[in-house]
Amino acid sequence: MTGRFSRVPTLQKIAEAWPWWLLLLALVGVRLSKGAFFADGYALLSRPFWPGSAQSEWLRSAQLLSDKAQLADLERDNSRLRQMLQLQRSSAGLVSAAVIARQPSGWWQQLELGKGALDGLSPGDAVLAPGGLIGRLESVTPTTARVTLLTDASSRLGVWVGRTRQHALLVGLGTPRPRLQFLEKDPGVRPGDVVSTSPASTLLPPNIPVGVVQSVNEQAVPAPDALVQLSAPVDAVDWVQVRTR
Amino acid sequence: MGILHRQRWCGATGLLVPLLTLASPGFLKIAGIAPSWAVLWLLPWALVDGPASGAVAGLALGLVLDGLHLGRASEVPVLVLLGWWWGRIGRRGAPIERSFSLGLLALVGTALLGASLLLQLHWQGGLPLPVAGWHTLMAQTLITALLAPLVCSLLLLRWRQVASLRG
């Protein structure tokens with residue numbers, strides 16, 4: 001009898017095996033926590049081998065490339081549709097030109113470009129800088145061209161606010177920020193809205209960003225007006241692109 | 001008429017005016033506004049060479065500068081007037097030599113030039129007076145008057161030497 005009982009582990013023996021019980025408990029814990037300890041441990045150990053910033057740069061450049069391709073596709077599509085609508089008859093080309101003299105402030109706001117009629121430029125062409133439209137060609141000589149900046153007091157440009165789909169007149173004041181004159185009493189425009197060239201324009205290429213509404217004066221008569229911060233830095237630009245017609 | 005305009009090289013320095021206006025070096029600006037180079041050149045020229053030569057030089061400078069600017073506002077009338085006035089001052093009384101007098105003449109001249117442009121631009125329907133005009137007027141008058149003692153007195157000395165040698 002005593003022999004049979006001696007095969008069954010006594011309480012004391014069970015108590016003596018406490019490390020194994022603890023291990024079992026830990027394993028149950030791992031099971032219940034879906035392997036938390038192991039996953040965390042693995043993460044800690046493998047951290048030096050994780051994909052670094054290079055990977056995210058690759059991803060970003062790939063994204064950029066795909067965006068660019070998509071944009072080019074859309075632009076091509078857009079110009080094809082516009083031609084079908086006969087909004088813009090001639091195909092436009094871009095001519096890069098250096099800024100050889102600048103007067104962004106003073107009595108006149110103008111730039112002189114290092115290319116002229118010999119390169120196909122003509123008065124009225126749109127002048128673009130990184131960031132958006134900065135002005136139009138006022139006159140050309142065989143090798144130079146003069147640009148009336150959007151800030152010049154003689155500059156008048158039909159634009160529209162994309163968010164509210166409203167047309168307005170961008171009037172230069174001789175200050176760094178031109179004024180946006182609305183045609184309607186309640187334009188619903190607020191600071192931060194993006195202003196771009198009108199999509200119905202035949203003089204200028206459509207949908208080119210011009211600037212951002214900075215402040216709106218609701219009290220102005222007969223219709224509210226707003227001040228616009230141009231998106232292209234006129235003071236700093238050294239090369240511009242002229243969209244020939 | 002004086003004798004300065006017969007010296008080819010003295011007249012040729014006038015070509016620097018449109019070139020400097022185009023280049024508008026950044027370190028000679030106040031609040032982004034360049035000085036009036038036409039005033040800085042015309043003042044010593046008229047003082048040395050007399051009213052008729054001053055008026056003609058003012059006309060020539062005005063025509064060239066108008067060609068370089070946008071719009072229809074003209075600098076010709078005021079530059080002709082300034083050339084004639086400064087020529088008369090140079091012919092009558094003691095010759096102007098002090099830096100202060102040069103600075104003052106340049107200040108008055110630039111203020112007149114700026115005021116005429118301001119009014120022309122305003123009447124043509126563009127520039128709203130209080131916004132941009134005053135700023136440009138004040139800054140240009142100030143920087144031109146500050147530069148006048150430096151630039152004008154050098155030109156004045158040189159041209160007086162030439163005039164006394166040839167005359």
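The model is predicted: local features need pLDDT of at least 70, side-chain atom pairs count only at pLDDT 80 or more, and totals for chains, interfaces and linings use all residues. Residues are numbered from 1 along each chain as its sequence is written, while chains are lettered from A and ligands numbered from 1 in the order in which they are written.

**Interface**

On chain B, 17 residues are in contact with 17 residues of chain A. Contact here means that the C-beta atoms of two residues, placed from the backbone, lie within 7 Å. Three helices of chain B, H2 (16-23), H6 (99-123) and H7 (129-166), each supply at least two residues of the side that touches chain A. Helices (H or I, at least four residues) and strands (E, at least two) are DSSP runs, numbered from the N terminus. H7(B) gives the largest share of that side, three residues. By class, the side of chain B that touches chain A holds 11 nonpolar, six polar and no charged residues. Nonpolar covers Ala, Val, Leu, Ile, Met, Phe, Trp, Tyr, Cys and Pro; charged covers Asp, Glu, Lys and Arg; the others, Gly among them, count as polar.

**Barrel**

In chain A, six strands form a closed barrel in the order E6-E7-E8-E11-E10-E9, with antiparallel pairing. Two strands pair if DSSP finds at least two bridges between them. From one strand to the next, the twist averages 40°. Axes are lines fitted to C-alpha atoms, for helices over the stretch in contact, and angles run from 0 to 180 degrees between N-to-C directions.

| Strand | Partner strand | Bridges |
|---|---|---|
| E6(A), residues 156-161 | E7(A), residues 166-171 | six bridges, antiparallel |
| E7(A) | E8(A), residues 179-182 | four bridges, antiparallel |
| E9(A), residues 194-197 | E10(A), residues 209-217 | three bridges, antiparallel |

Leu170(A) of E7(A) stands opposite Leu157(A). In E8(A), Leu180(A) is the bridge partner of Leu170(A). Val195(A) stands opposite Gly211(A) in E10(A). The hairpin of E6(A) and E7(A) has four residues between the strands, and there Arg165(A) takes a positive phi near 55°.

**Pro19(A)**

Pro19(A) lies in helix H3 (residues 18-32) of chain A. Is Pro19(A) buried or exposed? Pro19(A) is exposed, because 8 other C-beta atoms lie within 10 Å. A residue is buried with 20 or more other C-beta atoms within 10 Å of its own, exposed with 12 or fewer, and partly exposed in between, with C-beta atoms placed from the backbone. Pro19(A) and Gly172(A) are 153 residues apart in sequence and 84 Å apart in space, C-alpha to C-alpha.
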